[in-house]
Amino acid sequence: MIDKFLLAYRSIREKRTRSILTVLGIAVGIAAIVSLMSVGYGMEEAITGELMGMADMISVMPGKITGHTYVELGSFTDRDVKDVQRISGIKDITAMTYDAAEVKYRNKRAPVFIIGGDTKELGSFYVEPVGIKEGRWLRENDFKGCVIGHRVANDFFDDIIHVNDKLIINGDKFIVVGVFEKASTLYASDVDPFIFLTLHASKEALQTDEVKYIMVRVYDIDEAEEIAEEIKEVINDNHGLDDFAIAMTMGSMIEQIGTVFNIIRGVLVGIAAIALVVASIGIMNTMLMSVMERTHEIGVMKAIGAKSSDVLSLFLIESSMVSLVGGVVGCVLGAVAAKVISLSAGTALGIEFGAVVKPEVLLGGMAVAMVVGVLSGFYPARKASRMSPVEAVRYE
Amino acid sequence: MIRTENLTKVYQMGDAEVYALHDVNLDIQDGEFIAIIGPSGSGKSTLLNLIGCLDKPTSGAVFIDGINTGKLNENGLAEIRRRKIGFIFQQFNLVHTLNALENVALPMFFAGVKRETRLKRAEELLAKVGLGDRIYHKPSEMSGGQQQRVAIARALSNDPEVVIGDEPTGNVDTETGNTIMGLLEGLNKEGRTIIVVTHDAEIAARAGRTKRMRDGKVLD
């Protein structure tokens, strides 16, 4: 057996260029599968991972979602907030108000959304996961202080805004006391384009007493759905309407994202499968060429006593050796490519995620390489083994 | 003993049937040195291929030690080629990826002989044909005569009773041809049956018996 491997190795080495090309053909197919799947898993894990961190949250909004649009139906009252607070199992509750305001920095004016809320509670929702880049978070007595999101600081105005710069919000002067870090994918739309004020200051600046958003944290994630239902009922009762409020748990969002990712991964695997089909045709072509070229040698081997099964196993060993190497190279290339893709895609799309190279994907890639290699080697190998010795010897 | 019985081989060339061999009856005794001589196209190589179990007859039969080779399957024929017959080709037909030693050991490999045993025997056989100092050379690093001597050593590898040479001196110069004929004569003295096809009368003259062929028939 060892000798057959040696013999196969000799002929692979003899046709070095062609063997390398075949190995590359398999490797590219496998690399495509491995890298695309790893990137898919990476994206999924980056997003669900962050969501899991927020799994204990329930967002409560006064309105309804029809299709993909949120329609605001009004606002919550102080009584709503108090009633929700009374529900058992709730750890934290933040009532927030928000609205667009005209903001002026130096000579440029821009409309920016203002969020106001209890500073301690608001902080517990945003400061820890996003982080403050410059300055500090709001204090309860910061009546004229504000903290701004990354895009407000860098993109909205002509000049970059730093701590201690002055902003005019709806005619009132505010001093920037802190600037957020650039938020990760999940928080980006919640933090980056906003200005945060204390509840008191926001009521003044926005000229409103309305609560437009309530965020709730629960003690036990398993109870989240139940509590969400209860919140909805309590608020709907207060307003005498059937569907005045929506209360969404993060869990339900994670589920939705999961299905989306299954679809994405399916598409990625489909593309990789095409690459693999192309690669297998390449392998089969190479093996056929190799058999044709060595017809004479096959004839000689049979003339000196080789059985058909000897010839068959020699060629099969040869093609599995080539596919094994191709599979290994493909897995390595795929893992490297996945890292590069996730890095550059992350930079291009402004999201941060690392490719997740799962061992089962690597094993699967190896298995696919072997199966493809052996199957596409089988037809030429059988053809070789069935040649009549005298015709094969005559073939030059 | 080798015996052919009404051995016929027909090739289909378009609509025409070409008789490469036509009712050939030939007896070859054990230990005989026989030369088959004839112009090209006379069917001598076809006869040799049939005797050597490389090809199957259209009709008639080849008996080797009483076995009707036409009744054997693929593996049975491979077995005969491996155990009973050593083939020497005009073109040497060595495996060019292997060195001399490995080429000689190859038939033993197919016969399932252990690695140490076959390498030792291959070395002895190469020494016997005078190539003891070139065992690690590849065919491309050897002259035609040297390659043919490797081929003879290879033919002897499974210690066959019959050695068949299809124009074994056809691709080498006269002096080398003499050396090779000398080797074959030596093998004949060991008791092996030697069957050689040639169109060189001088070579044929060194055989114990000569048969002439023309148009697919053996002449008396």
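Which residues lie nearest the centre of the second largest pocket? They are A:R394, B:S45, B:N49, B:Q90 and B:D166, out of a lining of 23 residues. Please keep in mind as you look around that this is a predicted model. The points below start with that pocket, move on to the cavities, and then turn to helices, a surface patch and salt bridges.

**The second largest pocket**

- The volume of the second largest pocket is about 530 Å³.
- Two elements give two or more residues to the lining of this pocket: α13 (389-394) of chain A and α1 (44-51) of chain B.
- α1(B) provides the largest share of that lining, with four residues.
- Sorted by class, the lining of the second largest pocket holds 12 polar, six nonpolar and five charged residues.

**The largest cavity**

- Across the whole structure, a search finds four cavities of 30 Å³ or more.
- The largest cavity holds about 110 Å³ of space.
- Its lining has 13 residues, and A:S11, A:R294, A:E297, A:M301 and A:L314 are the ones nearest the centre.
- Three helices of chain A, namely α1 (2-14), α10 (295-303) and α11, each supply at least two residues of this lining.
- α11(A) makes the largest contribution to the lining of the largest cavity, at four residues.
- Eight residues of this lining are nonpolar, three are charged and two are polar.

**Helix α10 of chain A**

- If you follow α10(A), you will find a mostly covered helix, with nine of its nine residues buried.
- The buried residues of α10(A) include A:E297 and A:M301, and both of these are also among the residues nearest the centre of the largest cavity.
- After α10(A) comes A:G305, which has a positive phi, near 115°.

**A nonpolar patch on the surface**

- A:L324, A:V328, A:V332, A:V336 and A:V340 make up a nonpolar patch on the surface, and together they have about 410 Å² of accessible area.
- A:V336, one of the patch residues, sits in helix α11 (residues 308-349) of chain A.
- With a relative accessible area of 48%, A:V336 is partly exposed. A patch residue needs over 30% relative accessible area, so A:V336 at 48% clears that cut-off.
- An α-helix has 3.6 residues a turn, so residues three or four places apart point the same way.

**A buried strand residue**

- A:L197 belongs to strand β10 (residues 194-198) of chain A.
- Its relative accessible area is 0%, so A:L197 counts as buried.
- A:L197 and A:R139 are 58 residues apart in sequence, while their C-alpha atoms are 9.5 Å apart in space.

**Salt bridges within a helix**

- Over all chains, the count comes to 24 salt bridges.
- In chain A, the side chains of A:R86 and A:D83 form one of these, at 3.0 Å from N to O.
- These two residues are three apart in helix α3 (residues 78-86) of chain A, which means that about one helical turn separates them.
- In chain B, the side chains of B:K120 and B:E124 meet in a salt bridge of 3.5 Å, N to O.
- B:K120 and B:E124 lie four residues apart in helix α4 (residues 115-128) of chain B, so they too are separated by about one helical turn.
- B:K120 is exposed, with a relative accessible area of 57%, and B:E124 is partly exposed at 44%.

**Salt bridges between separate parts of chain B**

- B:R206 and B:E185 form a salt bridge in which the closest N and O atoms are 3.0 Å apart.
- This pair links distant parts of the chain, 21 residues apart: B:R206 is in the loop between α7 (201-204) and β9 (209-214), and B:E185 is in helix α6 (residues 174-189).
- B:R206 is partly exposed, with 31% relative accessible area.
- A network of salt bridges links B:K128, B:D159, B:E190 and B:R192.

Notes. Residues numbered from 1 in each chain as written. Chains lettered and ligands numbered in written order. Predicted model: local features only at pLDDT ≥ 70, side-chain atom pairs only at ≥ 80, totals over all residues. Heavy atoms only, no water. Patch = residues over 30% accessible without salt bridge, like charges linked within 9 Å, V, L, I, M, F, W, Y side chains within 5 Å. Areas by Shrake-Rupley, 256 points an atom, 1.4 Å probe, with all protein chains shown as cover. Salt bridge = Lys/Arg side-chain N within 4 Å of Asp/Glu carboxyl O. Buried < 20%, exposed > 50% of the residue type's maximum accessible area, 1.4 Å probe, protein only. 1 Å grid on protein atoms, 1.4 Å probe; cavity = no way out; pocket = protein on both sides within 12 Å on 5 of 7 lines; lining within 4 Å. Points joined across faces, edges and corners; volume = space filled by probe spheres on them. Nonpolar A, V, L, I, M, F, W, Y, C, P; charged D, E, K, R; others polar.
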